[in-house]
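Dear colleague,

Please find below the structure that I am handing over to you. The findings follow directly after it.

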Amino acid sequence: MNEADHALIARLRQGDHSALDTLVRQHQKELYRLAYRMTRNAEDAKDISQEAFLRAYRALASFDGRSSLSTWLYRITVNLCLTHLRQQRPGREGETPENTADPSPKPLEELEAQERLRAVSEAVQALPPQQRATLLLRVHQGLPYREIAEILESSEGTVRVNYFHAVAKLRSQLKGLRDDG
């Protein structure tokens with residue numbers, strides 16, 4: 001853990017409310033993006049990222065600093081997302097690009113790109129939650145396998161296997177989507 005994180009944790013433990021604001025400002029966007037990519041629902045992502053900060057603040061005394069502050073926050077967020085996905089009613093639709101698309105006419109290329117994006121988004125959403133979490137942490141957050149293993153509380157080997165299977169499933173499901181250009 002770096003010095004800035006140590007200082008921030010110390011200020012939080014002393015009850016400095018401005019430190020909590022700093023923590024939220026530094027990590028809010030990343031936690032929201034992670035939650036959104038896992039749930040594909042803006043409201044759920046907002047609720048989950050806020051709950052992650054609340055849980056982190058309440059559990060601050062138990063944070064021992066073995067992992068970085070961001071790893072700890074990612075772990076809390078991923079766990080909340082996995083719990084949310086397990087509890088989610090079957091058949092509930094998340095937000096998809098087609099739900100938020102601009103209805104104005106677009107050139108053919110843009111429509112094709114949107115269709116590819118929708119198909120990729122649906123394929124990622126169809127992955128099992130652990131594979132989805134692994135893929136999103138690796139691809140979108142750019143985290144190394146070691147850190148993903150810490151976040152998901154599993155072995156590095158399990159993370160590598162989950163990533164391999166997620167990529168293989170995506171390749172299989174998206175075979176016909178290759179861009180001809």
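**Findings**

Glu-153 lies in the loop that joins helix 7 to helix 8. Please bear in mind throughout that the model is a predicted one. Glu-153 comes after helix 7 and has a positive phi, near 55°, although the residue is not a glycine. With a relative accessibility of 56%, Glu-153 counts as exposed, because the cut-off for that class is over 50%.

**The chain as a whole**

The chain contains eight helices and zero strands, so that its pattern along the sequence reads α-α-α-α-α-α-α-α. Of its 181 residues, 38% are buried. The accessible surface amounts to about 10,800 Å², and carbon and sulfur atoms contribute 50% of it. Among contacts with a separation of 6 or more, 66% are between residues 24 or more positions apart.

**Helix 7 and its surroundings**

The helix that precedes Glu-153 deserves a description of its own. Helix 7 covers residues 145-152. Six of its eight residues are buried, so helix 7 is largely enclosed by the rest of the structure. The buried residues are Tyr-145, Glu-147, Ile-148, Ala-149, Ile-151 and Leu-152. They pack against helix 4 (69-87), helix 6 and helix 8.

One of these residues, Glu-147, is also touched by Ser-68. Ser-68 belongs to the loop between helix 3 and helix 4. Leaving aside residues up to four places away in sequence, Ser-68 touches Phe-63 as well as Glu-147. The C-alpha atom of Ser-68 is 7.6 Å from that of Asn-2, although 66 residues separate the two along the chain.

**Helix 6 against helix 8**

How do the axes of helix 6 and helix 8 cross, and within what distance do they come? The axes of helix 6 (residues 129-139) and helix 8 (residues 156-173) come within 8 Å and cross at roughly 95°. The two helices are therefore roughly perpendicular to each other. On the side of helix 6, the contact is made by Gln-130, Gln-131, Thr-134, Leu-135, Arg-138 and Val-139. Helix 8 contributes Val-159, Asn-162, Tyr-163, His-165, Ala-166, Val-167, Lys-169 and Leu-170. Sorted by class, the residues of this contact are seven nonpolar, five polar and two charged.

Tyr-145 is buried, with a relative accessible area of 15%, and Tyr-163 is one of the residues through which helix 8 meets helix 6.

Arg-40 sits in the loop between helix 2 (17-39) and helix 3 (42-58). Is this residue buried or exposed? Arg-40 is buried, because its relative accessible area of 16% falls under the cut-off of 20%. Glu-153, by contrast, counts as exposed.

**Two further positions**

Lys-29 is part of helix 2 and, at 61% relative accessibility, counts as exposed. Lys-29 and Ser-49 are 20 residues apart in sequence, while their C-alpha atoms are 8.9 Å apart in space.

Gln-88 is located in the loop between helix 4 and helix 5 (108-126). At 21% relative accessibility, Gln-88 counts as partly exposed.

With kind regards

How values were computed. Residues are numbered from 1 along each chain as its sequence is written. This is a predicted model: local features need pLDDT of at least 70, side-chain atom pairs count only at pLDDT 80 or more; totals for chains, interfaces and linings use all residues. Side-chain values use heavy atoms; hydrogens and water are left out. Helices (H or I, at least four residues) and strands (E, at least two) are DSSP runs, numbered from the N terminus. Buried means under 20% relative accessible area, exposed over 50%, partly exposed in between (1.4 Å probe, protein chains only). Contact means heavy atoms within 4.5 Å. Accessible areas come from the Shrake-Rupley method with a 1.4 Å probe; for residues, only the protein chains shown count as cover. Axes are lines fitted to C-alpha atoms, for helices over the stretch in contact, and angles run from 0 to 180 degrees between N-to-C directions. Angles under 35 degrees count as roughly parallel, over 145 as roughly antiparallel, 65 to 115 as roughly perpendicular and the rest as oblique. Ala, Val, Leu, Ile, Met, Phe, Trp, Tyr, Cys and Pro count as nonpolar, Asp, Glu, Lys and Arg as charged, and the others, Gly among them, as polar.
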